[in-house]
Amino acid sequence: MGVEGIGARARRKEDKRFITGKGKYTDDMTVPGMGYAAFVRSPHAHAKIVSIDASAALDMPGVDAVLTGEQLVGDGIGNLICGWMIHSKDGSPMNMGAWRALEPEIVRHVGQAVAVVVADTAAQAKDAAEAVMVEYEELDAVIDPVAALEEGAPQLHPEAPNNLIYDWEIGHEAAANAAFDSAAHVTTMEIHNNRLAPNPMEPRAALAVYDTAEEHYTLYTTSQNPHVARLVLSAFYNVAPEHKLRVIAPDVGGGFGSKIYIYPEEMVCLWASKRVGRPVKWVCDRTEAFLTDAHGRDHRSVAEMALDADHNITGLRVKTVANLGAYMSLFSSSVPTYLYATLLSGQYNIPAIHANVKAVYTNTVPVDAYRGAGRPEATYLLERMMETAAREIGMDPAEFRRKNFIRSFPHQTPVIMCYDAGDYDTTLDAAMKAIDYAGFPARKAEAASRGKLRGIGFSCYIEACGIAPSAAVGSLGAGVGLWESAEVRVNPVGTIEVLTGSHSHGQGHETTFAQLISERFGLDMDAVSIVHGDTDKVQFGMGTYGSRSGAVGMSAIVKALDKVEAKAKKIAAHLMEAAEGDIQIEGGELKVAGTDKKLSFTEVALAAYTAHNLPEGMEPGLKEGAFYDPTNFTFPAGTYICEVEVDPETGKTEIIDFVAADDFGKIINPMIVEGQVHGGLTQGIGQALLENATYDDSGQLITASYMDYCMPRADDLPAQFQLSTHETLCPGNPLGMKGCGEAGAIGSPPAVINAITDAIENNALDMPATPEKVWQLCRAQMKMAAE
Amino acid sequence: MYETTYHRAESVENAVALLGGADDPKILSGGQTLLPTMKQRLAAPSDLIDVSRIADMHGICEDGNAISIGAATTHAEVAGSDLVKARIPGLAKLAGGIGDPAVRHMGTLGGSIANNDPAADYPSALVALNATISTTKRKLSAEEFFTGMFETALDEDEIVLSVSFPVAEKSAYAKYPNPASRYAMAGVFVARHGDGTVRVAVTGAGQNGVFRSAEMEAALAANFTPEAVAGISVDADGLLSDIHGSNAYRANLVTVMAKRAVAAAG
């Protein structure tokens, strides 16, 4: 591949195996004697389990065992945990109900596992799972999070009276109230953020192998963070101590957050592999994925914005009810709190903010982080408020934003975050130029001549990435530190393996991470391997989510590279009898400045391992590790502008143009960044126009297949996205990176909805903007115009 | 999927014999609905009798003033047929808009109409073009054939062999697809026949599957322009209502699609 440095559009090293079908995913793993698991799942949203009769299932061909929650609890397997403690505003800790991997007493959502069958084949296991007779006594269910808080609502957990998990606040209520008391204008909106099913291309899967001789477990699984999985499985679920458990996350086909968590099924496979005495494999089907993968979003908010007579924002008040589903998933508690309300200041100078968040149990599948995690909810709320306020005061939406931009850094917001760097004017200008904002009225008139309603909508987003400083998140309730580790192993022949605690499930780390090494030592990309996803190879790591692999994971690699470079220079200086400070690395060689003396990187590496002639006291070998803990979050930001045409006869929205001007700090590989933005925008447009995980009143998920759950497709998108990037370096990490993995999904939904509401001149629109909803609003608007 | 036994029928006679000899058989003709249903364990036929390789059930030919299409002919073959494109362009366009390329290369005309999904595209073309369905037992008009949602006049042991589409003077199909499944939420096939009569057949919207709009037909017979149907609404009461669209929205789509089909027919 040659030498590819920072900023090169290097083609992805991993694509050859993916495109030729040679990727190795969990379902591709096969071990001798392997059995297959199938889960018996609740058809009810809320019910008491009266009895479980497995006798018929046990008599079926190939069936080894039927295991239930009673056995799981009897074996001392722990409850599933939530790893972030949130305290209510009265100081009390969050109210958490028990979540067992197989439920023995009361099921609380459709699809919850109550038993598992292990059989010789997957088909036998599924047949037998249907033959397990479970008698239920149905209970009333509650699906709507606001209704769940009302008196007399069905109660899910005795630990959480009124289904309230926490009643949390941030900011200064009195200061915010004062701003409203003296406001010249107040904008008020009720804003819903629709519920999404994550839908990674590869469904979850697990293969658990128990070695009786070593009393050791191996778990192959679809994880974004195998070390965290091992830690949780060991420390909380009592499956095995850490040194007796190896977790391998091989090629993983997308996660978007949904594969951060430790789910019941993976844990049950591990437990069953020992109990049944054979390796156990489980592969989730698409219906199970809809029913059991943690969903995303699902907020109901009321927001108020105060402006002074000069159109400066003086205050923001937000009340949000967040639906967390039937149980608290691993990071669920942090999403509608520290990942959401801390971003409510956006790109704007808002002197006073107060937000109150109530997290609520309902009889739906758990809700947790999904691409953006809290930040899309904050951005959607704030950017709809900005557009609406601008319309109400009769100001251009771009100028209203510009008037309130933060321009001096560091900037302390009233909601914890301290923005380190940014230039919001530049991205706004770039986006407005790219979309030809001045030409919009002419385009609108031309569309009207064709019977189409054309609209334009803005979104100036900011997000917090690279989570995050361990001490800071610890003080906010996180159960783990959020640093990253790296180890750079130079082999005696000069090739390099980089072990990283980050995990790639589509991000292209094998390419971007290798570019760092290729540039640093002038080595061919093919001389570098990136090793990840195996707890036996990589000592520890925190995994990949929250757009942290660049800003945190690569920073750890940089630190380890610094150490390797220093040692290599010492060896070279010693061998060439030069001063260490005169050694320069260039084109794969270590040279003595100003002379023609040089050694190849390979020669230096070999010298480190032959150890025949090393500087006095130096240990042999060339291998260095580093842990990197950032000092702050990073703050990617940018402006998105969407231009749509609505067909008033059908309500169909067509996205004509979409412009994204992003500031991601330093970019390692522009092509991969563009891919991330394309994917993020597509998911955001999916949320805005198409996707909606919908339960009926009895708690049945009625969007449990692609016949009803509408994923975005190529023809739902504009012919091309107009992308540009504008670099202000992040001062907090060595490369100045900010992260780009979630921005598209965070920034795009309000741009789309603002464009539609501009086109139809009616603001009463919630996501997804389905054709029927838009058609109804068009009709209402026409009626009003006629009257 | 539950266990099943697969048979590849060599001939129509062979298929009929296999059908008679099985417990709970299903005919497989492309399988674009049946196989996903079986994979979800929602259907469990004892035997699958695959008729898609029977040579006599394939092909497209001119038959007087009609186009005859074998039941095992794929949607892609109909969409790509020069004969269909020249004589009944609305039918070629309809076939080219079914599902996605993978579906169109596996799914067949006979399989689609025998399933009679209320949101399938083909039933509207058969009814509007007044097609005749030939089976192993008889010939049926389209309106005799489609009897209700997922219901046809076919006997358990009866197989569709071909469909004969009279060539219309003008014809066109306009559909508004369900954003998720891409089946029709409302699909309207409009045909003006040589004798001056007009047929308007609607799929995707009706609770009982495909239906005709007599009011639109009369209006178009008098004045074959989009404006003629612009003010005509079908009764929302008999229409489907689900998370993707209420019956009132579907009623609106029927009018809009009828207008667009007439405009496309020229």
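The structure is a predicted model. The points below cover a helix of chain A, a strand pair of chain A and the domains of chain B.

**Helix H15 of chain A**

- Helix H15 (residues 509-521) of chain A has 13 residues, which at 1.5 Å a residue should span 18 Å; the end C-alpha atoms of the helix are 18 Å apart, in agreement with that expectation.
- Because 11 of the 13 residues of H15(A) are buried, the helix is largely enclosed by the rest of the structure.
- The buried residues of H15(A) comprise the run His509(A), Glu510(A), Thr511(A), Thr512(A), Phe513(A), Ala514(A), Gln515(A), Leu516(A), Ile517(A) and Ser518(A), together with Phe521(A).
- These buried residues pack against three strands of chain A, E20 (496-500), E21 (528-531) and E22 (583-586).
- They also pack against the chain A helices H16 (549-575), H17 (601-610) and H18 (670-689).
- After H15(A) comes Gly522(A), which has a positive phi, near 65°.

**Strands E27 and E28 of chain A**

- Strand E27 (residues 652-663) and strand E28 (residues 721-725) of chain A run parallel and are joined by five bridges.
- Within this pair, Asp662(A) has Thr725(A) of E28(A) as its bridge partner.
- Helix H18(A), one of the elements against which the buried residues of H15(A) pack, forms a right-handed β-α-β unit with E27(A) and E28(A).

**Domains of chain B**

- Chain B is divided into three parts: domain 1 (5-50), domain 2 (55-166) and domain 3 (170-265).
- The centres of domain 2 and domain 3 of chain B, taken over C-alpha atoms, are separated by 19 Å.
- Between these two domains, 22 residues of domain 2 of chain B are in contact with 27 residues of domain 3 of chain B.
- On the domain 2 side of this contact, two or more residues each come from helix H5 (89-96), helix H8 (122-128) and strand E8 (146-148) of chain B.
- H8(B) supplies the largest share of that side, with five residues.
- By class, the domain 2 side that touches domain 3 of chain B holds 13 nonpolar, seven polar and two charged residues.

Notes:
Residues numbered from 1 in each chain as written. Chains lettered and ligands numbered in written order. Predicted model: local features only at pLDDT ≥ 70, side-chain atom pairs only at ≥ 80, totals over all residues. Helix = DSSP H or I, 4+ residues; strand = E, 2+ residues; numbered from the N terminus. Expected span 1.5 Å × (residues − 1). Buried ≥ 20, exposed ≤ 12 C-beta atoms within 10 Å, placed from the backbone. Contact = placed C-beta atoms within 7 Å. Domains from an automatic or database assignment. Nonpolar A, V, L, I, M, F, W, Y, C, P; charged D, E, K, R; others polar. Pairing = 2+ DSSP bridges. Right-handed = clockwise from strand over helix to strand, strands pointing away.
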